[in-house]
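Take a look at the chains first, then read on.

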Amino acid sequence: MKNNQSGWEKVILPVLVGLGFLLPLFVKDPYYFHILISIFIWSILTLGIRLILVVGHLNAAQATFMGMGAYTSGILAKNLGWSFWLGLPIAGVVAAILALAVGYPTLKIKGVYFVMVTFGLTEVFRHIWMMWTDLFGGPQGLLGIPRPNPIKLGVLTIAFTTKVPFYYLALILLLITVVVMQRLDRSRVGMTLRSIPQADLLAECIGVNVMGYKVLAFVIGAFFAGLAGSFWGHYFTYASPWDFTWSNSLYMLIYAVMGGPGSVWGPIVGCFVMLVVDELLRPIHQYMPIVLGSILILVLLFIPGGFITIPERVRGLVKR
Amino acid sequence: MPQNDNQRLLEVKGLSKYFGGLAAVDKLDLEVRESEIVGLIGPNGAGKTTVFNLVSGVLKPSEGRVVFDGEDVTSLKPNEIAKRGLVRTFQASLLFKDFTVIQNVAMGRHLHAGIGFFQDLFNTSPTRQRRIQIQERAMEIVHFMGLDHYRDELAKNLPHGCQRALGIGVALAAEPKFLMLDEPTSGMNVEEKEAIMSSVGRIRERGITILVVEHDMKVMMGLCERIAVLNFGIKIAEGSPDEIRANRDVIQAYLGAEGK
Amino acid sequence: MGPEQMLIQTFVNGIMSSLILILIASGLCLIFGIMRIVNFAHGEFYMLGGFGAWILFAEKLLPQMGAPTVQYIMAIILSMVLVGLLGVIVERFLFRPFFGNLEATMIVSFGVMLILQAAALVSFGVRDKSFGSPFSGSFKLATISLSGERMAVVFCGVILIFAMYLFIQRTRLGKAMRAVAQDMEAASVQGINIGLCFTLGMGISCALAAVGGALMGPIFYVNPYMGVEPIMKAFVAVILGGMGSLPGAVIGGFFVGMGESFVTTYVGAHVAMMVVFLIMIGVFLLRPAGILGHEE
């Protein structure tokens, strides 16, 4: 796996990233930036959920961590006047702390039940956000979240008045996420994480603190969800409990599985493909879940490693 | 005989485990001294694997204490016990099925990898050095267990005997002071058994203390200096292989021991 | 409404709610116990049951055979059978290929959930559909009047639960299913047809859920999302009672149904749901096996 990836990564990837940065020179329609921003942010969320997925847990609370991030940074900016640039990392940390508090007792629980506990958690938080109108704005959500503060670079001032600065910010956040996840994958920590679903008892008995590693994966995933949430809140200028439901977490899981949880590129590919399909099918958007569910089941049945394994399979077929 | 002067490495005192009303292990007292090879035998269901689970921290005892290297480890988690140098293998071939042989053994180096978290992420130069060291050490062990041929084979594709050998290799990689082997030769043919026996002998020569559970009497008699016999969770006899072979209670427990 | 009336009304609502939850939860239990599958799509079978009865009864797709009540009963039965069949097909072709892989089956059931929900949305539209009244007249209990529909829920609910109990405990097939739930290998060695047990288990479970939906239809409305909340509550009921334990599902169902009814009436709906979930989380942390479950 490593050798193939390196080839692709050394050449095609930098080109893609370069194109990504140069895109605003060619494209002016804000619609495309909106789509790409959505893809980037969903990729961050999906990469986060993928981490704990490869350790063997389906996390239904990823959207809740996103929501924590959105509300935290939104409240800090709106009510206390703090800069977004401070609120962004704080949002990540707050989400991570929540994951830490919740993770330890729940990750001990067997896989099946873990889904339900995280699901229950998501609902609890959703109800809190909907009930506590003073702080969180109730069912309509927290409105009037200010846009990120302008950045001054020498004579240049970057104001977040059009979609383009948001696009770059989302792209940079995604790149940071990818780099961290890739480094994790390739490190001993990543290998240890992958060993746990294969034989957690063995891992434990050769000295691996399995719970510690699980919590680590959970917390890191939550941190990035918090960042994504903070971005989301300041991009749309509001944070609504309806954006942070368990069904949103479900979509993240599905994108991760369809794209392929085996590498960091899978979730991104999954998000890209499905969000593009989502856009293309907007005229018949009621059919979208049917399309999504069907593709998901087809992928699980016939392409178990996800979209990302398609080149491999094609190569395998061609060789014969 | 020099053994009696050695330190007591493992002391099990009054160890009991009750499941519902049934005692899987009943007030077990057992001692293993440094550099010994002690055997634990008994008919199926006698509680041998339960003892392993209790000592290694996988199960919590209902009563009793486990003292390892002078420290009470009764309530510690398995990974904490492994850190103190007590490592066990498993009766079923518990391996990282989708990892290769060399990757499995490299995982065993977890406690001795010597790579800090952030150094690991940033792939610093010392980290790369360490990784090479881990690979080298893992290769040594792969060679020691005679698995060179299968180095890059996925664990799930290995023949049964090699899987058992790999299990021992993974445990060895953790640099145990005390190695507990749970039926290391199960499902093996005569040649494979002899290979394992010879490996175990060489492990002992490296100064590692060993506690073995086995069904094959020949293997046990050949390997162990001392044998304890369990039946229905109770220790019914303990002594040298010859003493055990002649013990009436033991013979009765097995309904005609295979011992020879 | 006086406090006494409110109490009785809350109590009756709670009983109704509990019975419906038990129908759904029993299905979840059966599916998990026999096939080790967590069926997140189960709420959609409940929903489809409601729609099935609606099409057949309210939309008059069924040939007129007599009094509305009779029509309604026919509609329920037919809907139950159809949804049961659908469940069997889903199990055979979508769940069985992933047998043994818990994660995969969960994800597949998510996919099925999405598909069924959207299919209903596309076919019927998002607006609530009203049922019309299949029963004329009402009963008086203490000082409140109970409609025929509500009595039907209680009546059918109790009968079905009892019938299921008899089936599982007394019939050969029921015992076979229990054997498979306990130890599949041993059951197969004994010559029990595992595939049949799977099929039956799924069919019965989905049929029960469908009846639940069909019974609730005339009381509330039917819409494509009507299965979402009931299944959440049913999961809590199953967890409380112990996953895989049918009596546990009954106890859990009553606990959740009555609890939710009382908290909703006397405190509020949001709080009620929160309490339900907090209890579920609490059960996991304190007694993961549930009230009647077994430690594994």
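## How the chains meet

Two pairs of chains are in contact, and of these, chains A and C share the most contacts. Chain B and chain C do not touch. The nearest C-alpha atoms of chains B and C lie 11 Å apart. The model is predicted.

## Chain A

Chain A has 14 helices and four strands. Its radius of gyration is 20 Å, close to the 20 Å that the globule rule gives for 320 residues, so chain A is as compact as a globular protein of that length. The C-alpha trace of chain A spans about 60 × 50 × 45 Å along its principal axes.

How much of chain A is buried? Buried residues account for 51% of its 320 residues. Take the contacts in chain A between residues at least 6 apart in sequence: 78% of them join residues at least 24 apart.

## Chain C

Chain C is built from eleven helices and two strands. Read from the N terminus, its elements follow the order α-α-α-α-β-β-α-α-α-α-α-α-α. The radius of gyration of chain C is 19 Å, close to the 19 Å that the globule rule gives for 296 residues, so chain C is as compact as a globular protein of that length.

Along its principal axes, the C-alpha trace of chain C spans about 60 × 50 × 40 Å. Of its 296 residues, 50% are buried. Among contacts in chain C with a separation of 6 or more, 76% are between residues 24 or more positions apart.

## Where A meets C

This contact takes 32 residues from chain C and 31 residues from chain A. Which of them gives the largest share? The answer is H4(C), with 16 residues.

What kinds of residue make up the side of chain C that touches chain A? That side has 28 nonpolar residues, three polar and one charged.

## Where A meets B

Here 17 residues of chain A are in contact with 27 residues of chain B. Three helices of chain A each supply at least two residues to its side: helix H7 (163–186), helix H8 (188–198) and helix H9 (200–205). H8(A) gives the most, with five residues.

The side of chain A that touches chain B holds eight nonpolar, six polar and three charged residues.

## Two domains in chain B

Chain B is divided into two domains. Domain 1 of chain B covers 1–85 + 176–187 + 209–260. Domain 2 of chain B covers 92–175. Taken over C-alpha atoms, the centres of domain 1 and domain 2 of chain B are 27 Å apart.

The domains touch through eight residues from domain 1 of chain B and seven residues from domain 2 of chain B. On the domain 1 side, helix H2 (78–83) and strand E7 (178–182) of chain B each supply at least two residues. By class, the side of domain 1 of chain B that touches domain 2 has five nonpolar residues, two polar and one charged.

## A closer look at strand E7 of chain B

Is E7(B) buried or exposed? The strand is mostly covered, with five of its five residues buried. In a regular strand the side chains alternate between the two faces of the sheet. Both faces are covered in E7(B). On one side, B:Phe178, B:Met180 and B:Asp182 are buried. On the other, B:Leu179 and B:Leu181 are buried.

E7(B) pairs with two strands, taken in turn here. Strand E6 (residues 86–88) of chain B pairs with E7(B) in the parallel sense over three bridges. There, B:Arg88 has B:Met180 in E7(B) as its bridge partner. Strand E8 (residues 209–213) of chain B also runs parallel to E7(B), joined by five bridges. B:Phe178 stands opposite B:Thr209 in E8(B).

Which elements make a β-α-β unit with E7(B)? They are helix H7 (residues 190–205) of chain B and E8(B), and the unit is right-handed.

Technical notes. Residues numbered from 1 in each chain as written. Chains lettered and ligands numbered in written order. Predicted model: local features only at pLDDT ≥ 70, side-chain atom pairs only at ≥ 80, totals over all residues. Rg over C-alpha atoms; globule rule 2.2 N^0.38 Å. Buried ≥ 20, exposed ≤ 12 C-beta atoms within 10 Å, placed from the backbone. Domains from an automatic or database assignment. Nonpolar A, V, L, I, M, F, W, Y, C, P; charged D, E, K, R; others polar. Pairing = 2+ DSSP bridges. Right-handed = clockwise from strand over helix to strand, strands pointing away.
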